Amino acid sequence: MSGLKAVTVIGLGVGVLLVAQSRDPLNAGRSAESTWSESGLQGAPTRAVLCILAAVSLLALRWLYRLLFSPLELLKAPEDVGYIAEDGRTRAQAANEVRRRRKVGELPPVYPNGWYRVLDSHMLERGEVKSVFILGEQLAVFRGQDGKAYVLDAYCPHLGANLAVGGRVFGGCIECPFHGWQFQGSNGKCVKVPYSDKVPEIAKVRSWPSCEVNKQILVWFHCDGEEPQWNLPEQQEITRGEWVYRGRTEHFINCHIQEIPENAADVAHLAHLHTPGMMSGVDLRYTNSKTWQFLRHDWKAQWIPESEPNKHCSQMLVKHALTIFGYHWSLLDVDVVARQVGPGVVYLQFKHGFLFQVGPGVVYLQFNHSFLFQVGPGVVYLQFKHGFLGRGVIMHCVTPVEPLLQCVSHTIFYQSNIPPLVPKFILKVESIQFERDVMIWNNKKYVSKPLLVKEDSAIQKHRRWFSQFYSENSPRLQYQRDTLDF
């Protein structure tokens, strides 16, 4: 029995016991009857009050259980973050207005070549099918009876039925819900037409190169159909079960995908946007309120690309200091090393309490450090290690849904013997800082030829580095739709 079910059963038992005690049993003595009479609690009102108390106690127990033990899941709708709703408009109306009226600028190709997260592993059970829309494509993601996850184009080549809507899994195949044609997950070939003796040779759907690593299912995209050009690093602690799932956040961002990792090179924005403490919130109109100015963050950062044979990698070095009422708390200093491998996967490493220097060619750091690596355009790993707070990793994944709509998830795994409140607090703080960037991204225009000062030189370096993930045939935004409503 799960912990939540146990709490529910206990709460119901307490409620039943309280209700039972409110009754006057046939064999109860005079003393019990006089006790109830003296207290003024007798009959139906007593039972009603005790039932209400039992229900409140049950809700309190459930809330306490979720706080202490359940994963933190903050899943935001596209209009929930980064838009200002005024003049009686809803947030959705404000978001749609921004999407329609905002100038997008001269954009790079919209889908870089690389790995992209599709689902977290626990979201897809054996024999289950999920409908997923990413990279402007409708996909059918299913887990075969062998436990392996497969990703196919969703539409059946026969008469166009969606394999993910009503399709069933048979072994390593998915069956079309319309006529029962079966397609292999490994290569997309049709292996069975139930009412025909012969299967057409050309009957197949596109099979996407995929992998399942660090409890996530990812697909490889390349505009020219080339095979994966790098592998995603495996976090052994997750594979061995030493680090367990503690939650995730999900945001939808209305911007070009390149603008999200470009923040690593835009070091000047850290001091301006992220100096206010977490209690200042995410609405940029109020983050500089004097109420919370006693808590401030100080940042120093550097971004550098790596050379051959790791030209697809880069590093971001960040030094963070915290001041409370103007006093520098050195024990709360954090140094971060971010290594990006390709355009989308980043591992973040933290070191608490004292400073360190890392050269441009470091791949993995030692002992007390955490890692930030980026692999391709859509996945970032943010790893923690601390003597008291324990160790864990946040995987930051950016997946294009449409040309100007990105799904960004942060999934945290942490030591199983560390109280869940610790990683949940870390994830919440990270979410607050991230949502400040979301408010910028959702409303900005992409400037292809920005006006920069010499201190911004890393931004141009990052753009040149990121351009390697585009090919001649990389898709571009050809036109703006008449409606982009959420």
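A: The protein chain has eight helices and 21 strands, where helices (H or I, at least four residues) and strands (E, at least two) are DSSP runs numbered from the N terminus. This is a predicted model, in which local features need pLDDT of at least 70, side-chain atom pairs count only at pLDDT 80 or more, and totals for chains, interfaces and linings use all residues. Residues are numbered from 1 along each chain as its sequence is written, and side-chain values use heavy atoms, with hydrogens and water left out.

Q: Where is the place of S121?
A: S121 sits in the loop between β2 (114-120) and β3 (129-134).

Q: Why is S121 called buried?
A: Buried means under 20% relative accessible area, exposed over 50%, and partly exposed in between (1.4 Å probe, protein chains only). The relative accessible area of S121 is 10%, so S121 counts as buried.

Q: How many of the residues of the protein chain count as buried?
A: Of its 486 residues, 47% count as buried.

Q: With which residues is S121 in contact, leaving aside its neighbours within four places in sequence?
A: They are R143, E212, K215, Q216 and I217, contact meaning heavy atoms within 4.5 Å.

Q: What share of contacts in the protein chain between residues at least 6 apart in sequence join residues at least 24 apart?
A: The share is 60%.
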